[in-house]
Amino acid sequence: MSFLIPCLNCGPRPVGEFRYGGEILKRPQPEASDRDWASYFYVRRNTAGQETEWWYHKFGCRQWLVVQRDTVSNVVGEIRWPGEPNSPRDGDKASGD
C-alpha cells in the first residue's frame, strides 16, 4: 500500500522516496549483556497499530525523520527531527540515540 510521508523539509512525498529504518527502541547501555544487545538488534515488537519509526528521505533532502505511523492503516501522525523531545504518545518506546 502506498502512502505519503510529510517530510519536514520537502512536504508530502510518496513513501517510495524514503528508506524505512525500523522501529525506534531504547538503546542498551554500552556495558549491557550480549543478550540485551542481541535483543536490541534482532527482536521487534511488530506492533499492529501506532509505532514510532525511523524514516530516511533517500530521494529527497537525505535527512532522517522520526515518524509515528499506524502500521495497520499506514496513516502517518506526528513527525519530528531526531533529538526533538518525544511526544506523550511515544512513552518509553522512543529514544533518538
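**Contacts, core and cysteines**

Trainee: What does L65 touch, not counting residues up to four places away in sequence?

Mentor: L65 touches C7, L8, F18, E53, W54, W55, I79, R80, W81 and P82, where contact means heavy atoms within 4.5 Å. Bear in mind this is a predicted model: local features need pLDDT of at least 70, side-chain atom pairs count only at pLDDT 80 or more, and totals for chains, interfaces and linings use all residues. Residues are numbered from 1 along each chain as its sequence is written, and side-chain values use heavy atoms, with hydrogens and water left out.

Trainee: Which residues make up the largest nonpolar core?

Mentor: There are 10: F3, I5, C7, V15, F18, W55, L65, V67, V76 and I79. Such a core is a set of buried (under 20% relative accessible area, 1.4 Å probe, protein chains only) Ala, Val, Leu, Ile, Met, Phe, Trp, Tyr and Cys residues joined through side-chain atoms within 4.5 Å.

Trainee: And which strands each supply at least two residues of this core?

Mentor: β1, β5 (64-70) and β6 (76-80). Strands here are DSSP runs of E, at least two residues, numbered from the N terminus.

Trainee: Switching topic, how many disulfides does the structure hold?

Mentor: It holds 0, counting cysteine sulfur pairs within 2.5 Å. For C7, the nearest cysteine sulfur is that of C61, 3.6 Å away. For C10, the nearest is that of C7, 3.9 Å away.

Trainee: Why does C7 count as buried?

Mentor: Because its relative accessibility is 5%.

Technical notes: Buried < 20%, exposed > 50% of the residue type's maximum accessible area, 1.4 Å probe, protein only. Helix = DSSP H or I, 4+ residues; strand = E, 2+ residues; numbered from the N terminus.
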